[in-house]
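Hi,

Here is the structure I promised to pass on. Have a look at it first, then read my notes below.

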Amino acid sequence: MKRNKTLQTLTKAEEEVMQVIWQLERCLVRDILEQLGDPDMPHSTISSVVRILEKKGFVDHKAYGKTYEYFPIVSREDYAQHGVKSLMEKYFGGSPKQLVSFLVQKEDMDLKELNDLLKKLDGSSKKK
């Protein structure tokens with residue numbers, strides 16, 4: 001989903017709930033609770049987090065009486081893109097080259113992975 005406004009960064013709790021919503025695609029608060037698997041987590045806590053996600057523009061809902069079904073309106077891919085862009089700007093001067101260089105130097109990416117990435121990038125740039 002393309003948006004004109006910048007996405008807000010999610011807290012750890014918000015992101016954890018959002019991951020479940022992305023996975024389920026459409027869900028009730030009780031579905032999120034089941035997926036999180038924490039029997040001590042209060043329904044009201046998850047409900048509050050979901051309402052915050054709605055205010056931040058990440059989810060919307062459809063009401064069935066007093067029951068709300070939630071669904072994502074920001075894709076996981078769009079949020080990931082936002083996160084990577086933010087990481088590049090904060091720590092690598094906005095340079096994808098510096099980010100990749102960092103990953104290679106720290107051995108988080110081997111040369112085969114780098115080569116595969118370069119081939120993929122080369123293929124996508126030829127399509128434009």
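His 82 touches Thr 6, Leu 7, Gln 8 and Thr 9, leaving aside residues up to four places away in sequence; contact here means heavy atoms within 4.5 Å. This is a predicted model, where local features need pLDDT of at least 70, side-chain atom pairs count only at pLDDT 80 or more, and totals for chains, interfaces and linings use all residues. Residues are numbered from 1 along each chain as its sequence is written, and side-chain values use heavy atoms, with hydrogens and water left out.

You'll find His 82 in helix α4 (residues 76-91). Helices (H or I, at least four residues) are DSSP runs, numbered from the N terminus. His 82 counts as buried because its relative accessibility is 17%, and buried means under 20% relative accessible area (1.4 Å probe, protein chains only). Asp 78, Tyr 79, Ser 86 and Met 88 are among the other buried residues of α4. The buried residues of this helix pack against α1 and α5 (96-105). Just after α4, Gly 93 takes a positive phi of about 60°.

Now for the core. The largest nonpolar core has 20 residues, and Ile 21, Leu 53 and Phe 58 touch the most other members. Such a core is a set of buried Ala, Val, Leu, Ile, Met, Phe, Trp, Tyr and Cys residues joined through side-chain atoms within 4.5 Å. α1 (12-24), α2 (29-36) and α3 (43-55) each give two or more residues to this core, with α1 giving the most, five. Ile 21 has contacts that include Cys 27, Ile 32, Val 50 and Leu 53.

Cheers

Definitions and conventions
Buried means under 20% relative accessible area, exposed over 50%, partly exposed in between (1.4 Å probe, protein chains only).
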